[in-house]
Amino acid sequence: MVDEWHGVAVADPYRWLEAGDTAEVTAWVAAQNDHTRQALDARPDRGPWHERLSALVGLPTIMACRVRGERLFVLERGRGADQFALVMRSGTDTTAPARVLFDPAALAADGAMAIDWFSPSPDGSVVALGLSEGGTENSTLHLLDVDTATLRPLRIADTRASTVAWQADGAGFWYARYPAGDEYHRHIRHHIIGTDPATDPVVFDRLPTAESWPDVDVSADGRYLLVQVMVGWDRHDAHLCDLATGEWQAIIEGVAAQSTIELGPEGIVAVTTLGAPNGRLVAAPYASPGTGSWRTVVAERDDVVLGGCTLVGDEVLITASRAAVDSVERWSLDGRRLHEVEGLGLVSVGNLVADELGASAFALVSSFTEPTALWRIDGSGAQRWCPDAPAADELPPLTVSRTSYPSLDGTEIGLFVVHRADVVPSPDTPTILNGYGGFAIAESPSWMPNLAAWCAEGGVWAIAGLRGGYEYGERWHQAGRRATKQNVFDDFHSAADWMVATSMASRDRLAVHGGSNGGLLVGVALTQRPDLARAVWCAVPLLDMVRFPQFLIARLWTDEYGDPDVAEEFGWLHAYSPYHRVQEGTHYPAVLFTTAEGDTRVDPLHARKMAALVQHATAAAPDERPVLLLQAGRAGHGAGKPAAMRIAEGVDALSFLAWQLGMGGGR
């Protein structure tokens with residue numbers, strides 16, 4: 001199979017593996033899975049990996065929080081639980097008992113039912129939530145009655161990753177929905193409880209492109225409706241409706257800037273990159289919310305990247321990041337810096353939320369060394385709120401250091417290095433190098449049981465802050481996307497080369513790992529630098545960069561990568577597309593491709609086609625450097641995956657990498 005793209009002949013020898021629902025492909029996947037199971041099930045260390053991962057994954061952790069008065073609605077996975085449940089906690093008393101409102105795992109025998117998103121009504125009596133099954137993230141909207149902890153009859157399909165904005169009286173809500181059978185053309189509708197959702201009117205569908213992504217919010221008094229539209233990955237439009245008059249105003253439109261807007265009592269506040277690639281905080285009144293009226297409250301700084309914000313009375317809390325490590329700052333709306341919240345440590349801060357009438361805010365705080373927890377932030381500082389901290393003997397004693405290294409063009413790239421406190425990285429230490437480098441996402445400290453398990457066994461885990469991410473703001477993002485994407489790959493290769501050159505690692509005991517866009521990253525490393533590392537774990541990857549927009553929701557990403565239908569952009573993509581850079585007769589490293597048939601973000605066809613091609617092309621002996629594929633069943637891109645499935649995948653991956661790197665005594 002050979003296609004012609006802009007005058008270039010492009011071979012696609014495994015096109016037939018794209019059709020995942022055919023009998024031929026189903027049989028091929030089954031044979032690949034059987035082959036992989038034989039190889040991995042024979043590893044003698046699977047039992048210890050399973051025991052350690054079960055203990056680490058089983059620790060209590062938090063995913064999201066919403067505040068309604070003194071009620072906290074928290075998405076959390078309790079000790080030993082399989083799935084994240086919706087739990088109600090007190091926002092004023094840590095000793096008050098928590099109440100489990102809804103555990104989705106009970107709806108599926110394998111626990112593969114998940115809460116994708118949730119939004120409580122203003123008085124906290126009802127929660128709108130999205131449920132999906134088998135890892136698909138194809139949410140159906142439900143309403144949960146809080147007093148009875150039961151689901152009401154309402155069902156609204158096609159609400160993937162929806163946001164919900166409630167009327168002040170709780171009688172209805174605005175929400176994001178897709179047309180049936182359409183991966184694009186997302187729009188905002190309005191539902192009155194008790195009516196047929198088929199009659200819900202569309203209130204906003206003014207999309208610059210079919211792929212644009214609108215979300216909805218409403219002011220606490222119910223008067224102003226906000227629709228923020230993500231147009232690609234470096235532009236956010238925003239529109240405000242005065243519901244008293246029905247009049248819409250454009251806050252910002254058609255400008256290459258990221259702006260995240262909050263609705264306050266008197267007007268908007270926003271963190272924006274407009275005129276400030278590292279972000280600044282601005283405010284404007286409702287009567288004149290456009291950019292011409294924006295007043296800078298917190299100016300841009302060279303060494304700080306501003307993230308999310310939340311209003312707390314007449315003050316605002318902002319996440320401030322320095323080289324991918326977050327802190328929280330409190331500012332007055334007249335531009336006075338009040339203080340920085342202390343005591344959080346080397347962390348990332350997410351989901352910063354508050355009830356605007358209260359004095360306290362809450363934030364998810366995550367680190368490399370312990371599971372994500374909810375912290376309460378008030379005028380006196382911060383305190384851990386829930387869950388209780390793990391006992392000291394439940395966590396490995398890890399140390400985290402930060403350093404930097406020069407990329408191919410001399411740019412300094414940040415690097416986190418994590419290992420057990422008594423381990424000194426050396427050429428003999430089994431080491432995993434991880435990265436992402438895309439979509440303005442910073443590689444910040446976060447809880448990863450696989451990392452903790454690997455380091456507990458004496459290994460090193462390193463995370464590179466590549467261009468294309470957001471470690472140093474929007475300029476950093478722009479330096480690693482579209483025509484500059486090769487910078488990301490050079491940054492990653494340089495990390496491995498630097499670690500070897502400085503005797504922190506050796507080729508024979510080094511593996512690289514990445515998932516999703518990070519799967520593309522290690523796929524490029526595999527093909528551009530097959531000498532880089534001994535082994536590769538390539539998870540839920542994009543690998544055919546010529547045909548990728550034709551599958552699932554992938555046209556959302558042409559703004560970040562480029563569009564192969566455009567001749568110049570095809571040139572960027574084809575130059576590094578891993579599937580098209582495999583060379584027959586190359587001595588490739590050992591590879592484990594992991595994917596899932598329920599993945600509705602990145603089609604598993606990428607992993608299938610690439611695995612087949614590398615298996616065909618490699619000159620390495622299969623028993624020396626195997627090329628393996630695992631395609632899971634009722635699982636997806638990662639969100640909503642039950643703990644048991646996370647443990648099983650981790651055991652497979654870590655036992656594979658330990659085998660290839662000689663951890664514990666041999667190969």
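User: What does glutamate 474 touch?
Analyst: Not counting residues up to four places away in sequence, glutamate 474 touches Asp234, Gln258, Thr273 and Pro277; contact means heavy atoms within 4.5 Å. This is a predicted model, where local features need pLDDT of at least 70, side-chain atom pairs count only at pLDDT 80 or more, and totals for chains, interfaces and linings use all residues. Residues are numbered from 1 along each chain as its sequence is written, and side-chain values use heavy atoms, leaving out hydrogens and water.

User: Is glutamate 474 buried or exposed?
Analyst: Glutamate 474 is buried (under 20% relative accessible area, 1.4 Å probe, protein chains only).

User: And which side chain of opposite charge is nearest?
Analyst: That is arginine 481, 5.7 Å away, and glutamate 474 has no salt bridge (a side-chain nitrogen of Lys or Arg within 4 Å of a carboxyl oxygen of Asp or Glu).

User: New topic: what is the strand order in the open sheet of 4 strands?
Analyst: The order is S19-S20-S21-S22, with antiparallel pairing. Strands here are DSSP runs (E, at least two residues), numbered from the N terminus, and two strands pair if DSSP finds at least two bridges between them.

User: Why is one side of S19 and of S22 left without a neighbour?
Analyst: Strands S19 (259–263) and S22 (295–298) stand at the edges with a single partner strand each, so one side of each has no neighbour in the sheet.

User: How many bridges pair S19 and S20?
Analyst: S19 and S20 (residues 267–272) pair over 5 bridges, in the antiparallel sense. Glutamate 262 has valine 269 in S20 as its bridge partner.

Note on methods:
Buried means under 20% relative accessible area, exposed over 50%, partly exposed in between (1.4 Å probe, protein chains only). Lys and Arg count as positive and Asp and Glu as negative; His and the chain ends are not counted.
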